[in-house]
Amino acid sequence: MHSFSIVDKIYAKRTFIVLFFLFLLWGSVQLADGFGIHIVSSKFTPELKAAERGELSLITYNIAGLPQIISSAVTKRSVSIGEIGRRLNNYDIVHVQEDFNYNKNLYDDGNVHPYRTQTKGGVPFGDGLNTLSRYPIRDIRRISWNDCTGADCLTPKGFTYSRIEVAKDVFIDFYNVHTNAYNHLPAAAARRANVRQLSWYINKHSAGNAVIVMGDLNGHYNYHYDNIPLLINENELKDVWVELKQKGNIPVPLKQLPDSDILHLADSTETIDKVFYRSSAQITLKPSGYNVESELFTTTKGLPLSDHHPVSAKFSWNLNRQETISSAF
């Protein structure tokens with residue numbers, strides 16, 4: 001007879017609660033038409049100019065957009081997500097996760113990014129993944145995970161692939177990721193499968209391209225049952241946090257559970273919200289900044305606007321002229 005651990009029982013209880021409330025909410029949720037194709041807002045869209053170099057400010061943020069009744073965030077979701085949308089205006093390219101039932105607040109309560117992906121819908125239809133950008137989003141593809149556990153199977157979680165034109169005819173492949181949550185063994189196994197699926201996709205669809213991967217990986221280097229290094233090694237990616245804050249040293253994996261308090265982190269602490277990158281023969285990417293934004297996205301009373309702190313990064317990019325010239329002949 002199989003015996004259940006305390007963790008299993010807690011996980012099962014949470015899954016049942018989520019299922020129950022999603023059943024109640026099912027009838028009130030509308031599915032957005034035409035999802036999967038990028039949209040350009042009617043707001044001001046700057047003319048894209050030719051350039052050989054530039055700078056980018058990026059941020060990835062799990063905004064806790066589950067319905068208020070089942071959200072683990074401490075502040076009112078509609079108001080907080082509207083505030084998040086306004087504060088994201090400071091960044092060139094934004095990836096959000098858990099953008100489910102309050103996308104209208106995120107987009108329409110003061111956000112001015114001219115290019116934004118069209119939401120796929122609220123719970124249980126949407127994947128919660130969207131991108132907001134000052135630069136044209138030339139392609140957007142949504143890929144669901146093949147593996148999941150518990151409540152993570154109630155929405156089509158996965159990752160998005162987008163191609164963003166940061167200057168005239170200069171493209172970078174962006175991935176927005178949200179892997180399987182929780183650290184019990186079945187969940188960790190599903191997350192490892194997610195990472196393998198993402199790695200395969202990058203290898204197949206972004207071969208030879210400059211790449212930036214951002215999102216809620218739900219995984220740690222220092223957790224023995226995660227496989228983040230596989231993603232890096234198979235795709236020649238670098239972790240901005242490891243490079244800028246850890247002097248290139250990846251934390252040693254341990255079998256003990258990682259710290260679950262993700263709201264009390266500093267730049268020196270590993271977070272599940274990560275930023276990876278790689279250059280290409282045509283484009284060199286160089287990170288110049290990394291921050292866990294633990295203060296910028298809080299209320300006047302110091303309460304976090306989500307149940308995550310966002311992670312921001314700054315990059316410079318430049319075209320490799322010798323490679324560009326030689327390819328023309």
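Helices (H or I, at least four residues) and strands (E, at least two) are DSSP runs, numbered from the N terminus.

The structure is a predicted model, in which local features need pLDDT of at least 70 and side-chain atom pairs count only at pLDDT 80 or more, whereas totals for chains, interfaces and linings use all residues. Residues are numbered from 1 along each chain as its sequence is written, and side-chain values use heavy atoms, with hydrogens and water left out.

The protein contains seven helices and 13 strands. Of its 329 residues, 52% are buried, where buried means under 20% relative accessible area, exposed over 50%, and partly exposed in between (1.4 Å probe, protein chains only). Contacts are defined by heavy atoms within 4.5 Å. Among contacts between residues at least 6 apart in sequence, 75% join residues at least 24 apart.

In helix 5 (residues 228–235), the buried residues are Ile228, Leu231, Ile232 and Asn235. They lie on the same side of helix 5, because they cover an arc of only 95 degrees around the axis; the arc is that of the directions from the helix axis to the C-beta atoms. Helix 4 (185–205), strand 10 (238–239) and strand 11 (273–278) are the elements against which the buried residues of helix 5 pack. In helix 2 (residues 77–87), Arg77, Ser80, Ile81, Gly82, Ile84 and Gly85 are buried, and their cover includes strand 2 (53–62) and helix 3.

Leu285 belongs to strand 12 (residues 283–292) and is buried, with a relative accessible area of 4%. Ile212 is 73 residues from Leu285 along the chain, and their C-alpha atoms are separated by 9.3 Å.Glu98 lies in the loop between strand 3 (93–97) and helix 3 (103–108). Its phi is positive, about 55 degrees, although Glu98 is not a glycine. At 14% relative accessibility, Glu98 counts as buried, yet Glu98 has no salt bridge, and the nearest side chain of opposite charge, Lys157, is 6.1 Å away. A salt bridge requires a side-chain nitrogen of Lys or Arg within 4 Å of a carboxyl oxygen of Asp or Glu; Lys and Arg count as positive and Asp and Glu as negative, while His and the chain ends are not counted. The side chain of Glu98 does make a polar contact with that of Asn62 (3.4 Å). Such a contact is a pair of N or O atoms within 3.5 Å; within protein, one must be able to donate a hydrogen and the other to accept it, and residues adjacent in sequence count only if both atoms are side-chain atoms.

Asp169 is located in the loop between strand 7 (158–167) and strand 8 (170–178). Asp169, a residue other than glycine, has a positive phi near 65 degrees and is exposed, with a relative accessible area of 59%. In the loop between strand 4 (115–117) and strand 5 (130–133) lies Pro124; the peptide bond from Val123 to Pro124 is cis, with omega near 5 degrees.

One disulfide, a pair of cysteine sulfur atoms within 2.5 Å, is found in a search of the whole structure. It joins Cys148 and Cys153, whose sulfur atoms are 2.1 Å apart. The link is right-handed, with 115 degrees about the S-S bond. Cys148 is partly exposed at 36% relative accessible area, and Cys153 is partly exposed at 38%.
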